[in-house]
Amino acid sequence: MRTALLTNPNAGGGSASAFEDLPERLAAALGGAVELRASETAEALRAAAEAVGREGFERVLVAGGDGTVQLCVHGLARAGALGRVTLGIVPAGTGNDLATFLGMPLDLDAAIAALARARSAPLDLGDMNGQWFANASCGGYFGAVSEATSSELKSVAKRLAYVLAGASVLLQHTPTSARLRADTEFGEIEWEGPLSLFAVCNGMTVGGGRPLAPEASVSDGLLDVFFVREVSTTGLAALLLKMGRGAHLEDERVIGFRARGLSFEFAAPTLVNVDGEVEAVERAVYRVHHHATRILMPVGGPAQLVNS
């Protein structure tokens, strides 16, 4: 099996750059050669993923965080290779939300050992306006927090960076008028009004462990969605505390559902995060791609994947 390793030296504040012997260690654990494709920029990493997809690699390992995985997925999608590769994650980012949800250890030695014993399982993927993602896409307040969480802040504060940026954004945040249409598991829904924030999740957590979608499955063909209508600053702060423990979906100010596809139309350009990549959009159209690719899942990973 041809195996490529994509690395992002900037992931996790530069921690991935310390893995100079990682290809050799992975090759020894997996029992075959591992070809390193290192990248210095986001576009270079997307291009590297596209290249290994076109070159026929069957297994693509990613050393980085959720943003690095997203870049890899997007590059493989451009090559039309998602359906014939198996992904593997070596957690080396700030949040590592998808890897943690799948049960991948954050310690490097343990992660290598877990990959050696892992099994291949199906993985759904989402896309927003054609931008593919594996874990989640969030907007409104969440998008503004992502924009404010610089690489320098992540390097110094690690996961605390999200908290520091969130506190700063909270004091300045204002809702955006929006129109929602969604194809849910129970039929079509529409909603219109001022929107404080929203999340469209394939995985369970974002921002280094915040459980926005406590019952998410990455193989059920549905995206877990919720949004928060206009609330005061203090109200939003209280909801964010609930989100920290996964209790927000019980709040009457939160509307949640599962959907095969949905769209938001905003009255003004709104910041949206797609697994770490942030852009301002006036319309966000989401689709789920059921079992779009496969992922190496550690022994003891989520039951909903084990049984797929």
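Leaving aside neighbours within four places in sequence, which residues is Pro194 in contact with? I looked this up first. Pro194 touches Pro175, Thr176, Ser177, Arg229 and Glu230, where contact means heavy atoms within 4.5 Å.

**Ground rules.** I'm working on a predicted model, where local features need pLDDT of at least 70 and side-chain atom pairs count only at pLDDT 80 or more, while totals for chains, interfaces and linings use all residues. I number residues from 1 along each chain as its sequence is written, and side-chain values use heavy atoms, with hydrogens and water left out.

**Pro194 and Leu195.** I placed Pro194 in strand β9, and Leu195 is in strand β9 (residues 187–201) too. Helices (H or I, at least four residues) and strands (E, at least two) are DSSP runs, numbered from the N terminus.

Pro194 counts as partly exposed because its relative accessibility is 33%. Leu195, at 4%, counts as buried. My cut-offs: buried is under 20% relative accessible area, exposed is over 50%, and partly exposed is in between (1.4 Å probe, protein chains only).

I then checked partners along the chain. Pro194 and Arg229 sit 35 residues apart in sequence, with 5.9 Å from C-alpha to C-alpha. For Leu195 I looked at Val231, 36 residues away along the chain, and got a C-alpha separation of 8.6 Å. Beyond four places in sequence, Leu195 is in contact with Pro175, Thr176, Ala178, Phe227, Val228, Phe264 and Phe266.

**Helix pairs.** Two packed helices are described by the angle between their axes and the distance between the axes. Axes here are lines fitted to C-alpha atoms, for helices over the stretch in contact, and angles run from 0 to 180 degrees between N-to-C directions.

I started with α2 (residues 42–54) and α3 (residues 66–78), whose axes come within 7 Å and cross at roughly 45 degrees. α2 and α3 are therefore oblique to each other. For angles, under 35 degrees is roughly parallel, over 145 roughly antiparallel, 65 to 115 roughly perpendicular, and the rest oblique.

From α2, the contact uses Ala42, Glu43, Leu45, Arg46, Ala47, Ala49, Glu50, Val52, Gly53 and Arg54, and from α3 Thr68, Leu71, Cys72, His74, Gly75, Leu76 and Arg78. I sorted the contact of α2 with α3 by class and got eight nonpolar, four polar and five charged residues. Ala, Val, Leu, Ile, Met, Phe, Trp, Tyr, Cys and Pro count as nonpolar, Asp, Glu, Lys and Arg as charged, and the others, Gly among them, as polar.

Next pair: the axes of α1 (residues 22–30) and α5 (residues 108–117) come within 8 Å, crossing at roughly 40 degrees. That makes α1 oblique to α5. The contact joins Leu22, Arg25, Leu26, Ala29 and Leu30 of α1 to Leu108, Asp109, Ile112, Leu115 and Ala116 of α5. I get eight nonpolar, no polar and two charged residues for it.

**Whole chain and confidence.** I find 10 helices and 12 strands. Of the 308 residues, 56% count as buried.

The chain's average pLDDT (the predictor's confidence in each residue, from 0 to 100) is 87, and 87% of the residues score at least 70. Where does confidence go lowest? It is in helix α7 (residues 151–157), at a mean of 38, while strand β8 (residues 176–184) is highest at 97. I also noted that pLDDT stays under 50 over residues 150–164.
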